[in-house]
Structure formats: C-alpha cells, structure tokens
Amino acid sequence: MSKEMSEEMSPITPAETIADSQQQEAGAQPPDSKELDSKEPDPYHVRLEGDENPKSMPKFKKWMAIVIICSAATCVTCASSVASFTQKPMQEQWHVSPPITILGISLFVEGLGIGPLLLGPLSEFYGRNFVYWSSFALFLVLNLPVALAPNIVVYLVFRFLTGFSGAAFLSVAGGSVSDLFANEEVLLPMAIYSVSPMIGPVAGPAISGFINQHTHWRWTYWVIVIWAGVELALLVFFVPETYIPTLEARKARKLRKSTGDERYYSTLERSEKRGLAQTIALSCLRPFQIMIYEPMALLLNIWSALLLGILYLTFEAFPTRVFGRDRGFNTQMSGLSFVGIGIGMVLAIASQPYWIKVYKEDRIPYWERKMRAEREKCVEEEGEKDDKSPSRKREPEPEARLLIGMVGAVLVTVGLFWFAFTTPHEIHWIVPMLATVPFGLGVIYAFISIWTFLVHAYRPYAASAMAGNSFTRSAFAAAFPLISTPLYVRLGVVGATGLLAGLSALMMPLP
C-alpha cells in the first residue's frame, strides 16, 4: 500500500496502516532533499498519472476485486475448520486417537500464524499479485496430498504447509483494499475485508458437516481444492496489481525499453532497501520486541488470542458435547450449529456504517475529547502550528478505537454465560444457539477495536504489531482444540463454558 506516512492522522484502518508501515520498516528512504528543494520535478522520475493510479479504476472493477479478495480470504480460513468433521472417519480408517486427528486443525492454524512473519515482506519486493498467485498456487497444490493422504503423517505435514502457504495471501490481501480506495472511502470495504477471514472458520463446519453426512471424508478437501482453483483463476484474470511502487517500477522499465533512455527510474528502484533475508529477519524479531516492551500490546494480544482460541475450541465442543447425537443432531445438523456465530458476524458487518459515523461525527466519550484538547494545547505551547489541519484535529486518539471493543467485551461475556447455563438437554437447543449470536457479534467488535488500536498506537511499526497479534492468536487457536476434550470431560459443558466466560469477564476491563 502506497499511502505516505505523512497522512498519519487520517481515518485509516488496520491493513491500510500496516501497508504503510511495511514500506517504512522495509527501509525505503524518502526522496533526496535536493529533489524536494528543486522547483521543477525530475523529468526522469517516473510516477503514476491519472488513470494509471489504482484509485482511479471504475467502482465496478474495484468492488469486483474486493469481492474476489474477500472470498479468497474466506477460502483460506475455511480450510482450517473443515477438518472438524473429518476426524472420526480418519480415526476409523487409520486407527489413530482423537488428539492426533485434532492436530489437523492445530497445525493448519499454526501455519497461519507463522506464515506472516516469514512471507509478509514478499510484496515489498515482488508486488501484490506475485504473492497472490504463488500463495494460492501453492495452497492449491499442497491441498492435493491432504486429499490423497495415505496415512496420518502425510496428512498432518501437508495441513501445516497449506496453512503456511495460505498465510502469505492473508498477510498482504488487505493491502489491495487500501490501494484501491481513498481514505474517505476505504472504511467500509476494509471493514468487510477484515471480517471475511473470520467468516471462513464458521462456514467450514457447515460445509464439512454436509459433505461428511453424504459422502467420503476426502471430498471435504477436494471441495477446498476446487474452490482454491476457482479463486486462483479469478485472482489471475480479475484482480489487477495495485501496489503503486511496483506499478511505477513497471512503467519505468517500459519507458527505458521504448525510448532507449536509461535515465528513467522509479522511487522503488532508487530506494535503499534492505535485502530480503534481512527484511524477513527483522519481520520475525520486531513483533516480539513490541510485546516485551509494550504491556498494552501484549495484553490486547492475549485478549484477542483468548477469543480466537474459544472460537476454535467450539469446532470440537459443538459437534461432540453440545449439539451432537445426544440432542438428535446428525453430522449435517451439527455443522449448522455454527450458524448463530455467523449471524452475529454478519450483524457486525451490517453495523459498521454506524460505527464509521460515530468516528466521523466525533461522537466519542468525554475523556477522549479531554485528551485531545490537552494534546492540542501542548502542540500550541510547543509552537507546532503546522500541525493543525482539520483532519488531524478530527482524528480520535488511539484509545478511542477501543470504544467498539468495550461493547464487544460485554457481548462476548454475556453470550458465553448465556450459552453455558442453557446447554442442559432439558432446555431447547435453540436457546444456546441464540446465545452464540452476541458471541459472534462481540468477537468481531473486539477484533476490530484491537486491530485499529494497534495500528494507530504503534506507528510506524504497525505491521510488526499486527504480526505479533497474528502469531499470538494463532498459538492459542492451535492449542485450544487440543484441550477441548479433557476440559469438557473434567468440568462438563456448563463448567467448561462457564470457565471460558469467566476468563472473558476478566478481560473486560482491557478496552
């Protein structure tokens, strides 16, 4: 994403800021001061003009690209949870214990967490489309051994590798969204994209339950292969390159070739960037530095990790402990028990225009307005008069982004307690299923608040802050399915879910 860091106080979203910080963390240097001081721009410095800028594309093409990117992100994360209903037939075929087959979910999610650390910087060197195409091509190819696995070892190894390859797509996909839309337009499409990876894990059990009810478990992964193939074709033919430094470099190469004049250059070609290995090393180190030295980042990462861990724990608990055969649910019906969470997430998307209006109209709490007034007073005292643009004054402090998280924390806790005490079989199944609606709504609210806070509070290292969040979330999400069976066996459904609700309640003061 090509927005300048000088737009620091503009109303932006997580992936947009991450892209900016990725460029700065990669070591791109500002233009030479002599060039800035010159009255006439360098005629050989290639920039995009007019319709060449991705933001100038027709709205139909922009939204078509957004839909494809969102569906591709959903495909990757959906592949993580489709394994929930393939475990029992694999146990019977390969004579392995349940904890071994649960690793099919855990290893995939762990791959999703590690992937952004190692693969995230690739777009800085090769552009968005190279990452999209290579990532989804590998995701497609590596799912073939999963579908054809002759034993559990092959299955588990390639589950990790498919998660790792899919993470490359997720690590840069949000960048295209902010590349395509101006600041005043990006909030809604970015909110939709931010939710799309969360819809995937909820849709996975519904798809998997239907398939495993009617056919062989291997078809679960053949469906993912087919879906990934369709997404790869759509990405290749309908999603243009949107990374402006890459587009400028292409234009410079074309001008040098067509004119024979080697003096044409782009900003990317003249910038003093670190090598790929050094950039990846820094990408792996800095997220942990932020968590060590910034307690607020660490606490918010733990909160988001707990929420995602609970979400992934439901993939084991719902089919076997809550909405299983004891209630008369078959495999397909158990898969549909996640619909309530999905409805909550859709409601979160539908309510985003309201929250956007809250921030745009400056309808924020008194303590936030007071904090802003104190900041402006300090700016005036220090004589920083050049920093009083209307957009800067209207931009809330990072803490104001936690407002939606306050609502989300309450909804998650209420939903979990409601669910915990309505799971006994004498209570109709619709009552606990309705409890999952506020849980799904609250989870999305919490994630949006955490992501927006991290990218506003830890600039210019937002990419590293978000990578640390992704790693922590994935670690919890990988572990929770493994502890679900002993947890529910020892404490029962009410006790285990009540414990999770209590942990969620302890996290409520954080936002």
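You're looking at a predicted model, where local features need pLDDT of at least 70 and side-chain atom pairs count only at pLDDT 80 or more, while totals for chains, interfaces and linings use all residues. Residues are numbered from 1 along each chain as its sequence is written, and side-chain values use heavy atoms, with hydrogens and water left out.

**Serine 81**

- Serine 81 sits in helix 3 (residues 59-81); helices here are DSSP runs of H or I with at least four residues, numbered from the N terminus.
- With a relative accessible area of 0%, serine 81 is buried (buried is under 20%, exposed over 50%, partly exposed in between, using a 1.4 Å probe and protein chains only).
- A polar atom of the serine 81 side chain lies 2.8 Å from the backbone oxygen of proline 201.
- Leaving aside residues up to four places away in sequence, serine 81 touches Gly200, Pro201, Gly204, Pro205 and Phe315, where contact means heavy atoms within 4.5 Å.

**Salt bridges**

- There are five salt bridges in the structure, each a side-chain nitrogen of Lys or Arg within 4 Å of a carboxyl oxygen of Asp or Glu.
- One of them joins arginine 128 and aspartate 179, at 3.0 Å from N to O. Arginine 128 belongs to helix 7 (residues 128-147) and aspartate 179 to helix 8 (residues 152-180), so this pair ties together parts 51 residues apart in sequence.
- Another pairs arginine 250 with glutamate 241, their closest N and O atoms being 3.9 Å apart. Here arginine 250 is partly exposed at 36%, whereas glutamate 241 counts as buried at 7%.
- Glutamate 262 and arginine 256 also form a salt bridge, with 3.9 Å between the closest N and O atoms. Glutamate 262 is exposed at 60%, but arginine 256 counts as buried at 16%.

**Nonpolar core**

- The largest nonpolar core has 114 residues, and Phe136, Tyr155, Phe169, Trp303 and Leu311 touch the most other members. Such a core is a set of buried Ala, Val, Leu, Ile, Met, Phe, Trp, Tyr and Cys residues joined through side-chain atoms within 4.5 Å.
- Helix 21 (residues 430-457) supplies the largest share of this core, 15 residues.
- Beyond four places in sequence, phenylalanine 136 has contacts that include Ala72, Cys75, Val76, Phe169 and Leu232.

Note on methods: Helices (H or I, at least four residues) and strands (E, at least two) are DSSP runs, numbered from the N terminus. A polar contact is a pair of N or O atoms within 3.5 Å; within protein, one must be able to donate a hydrogen and the other to accept it, and residues adjacent in sequence count only if both atoms are side-chain atoms.
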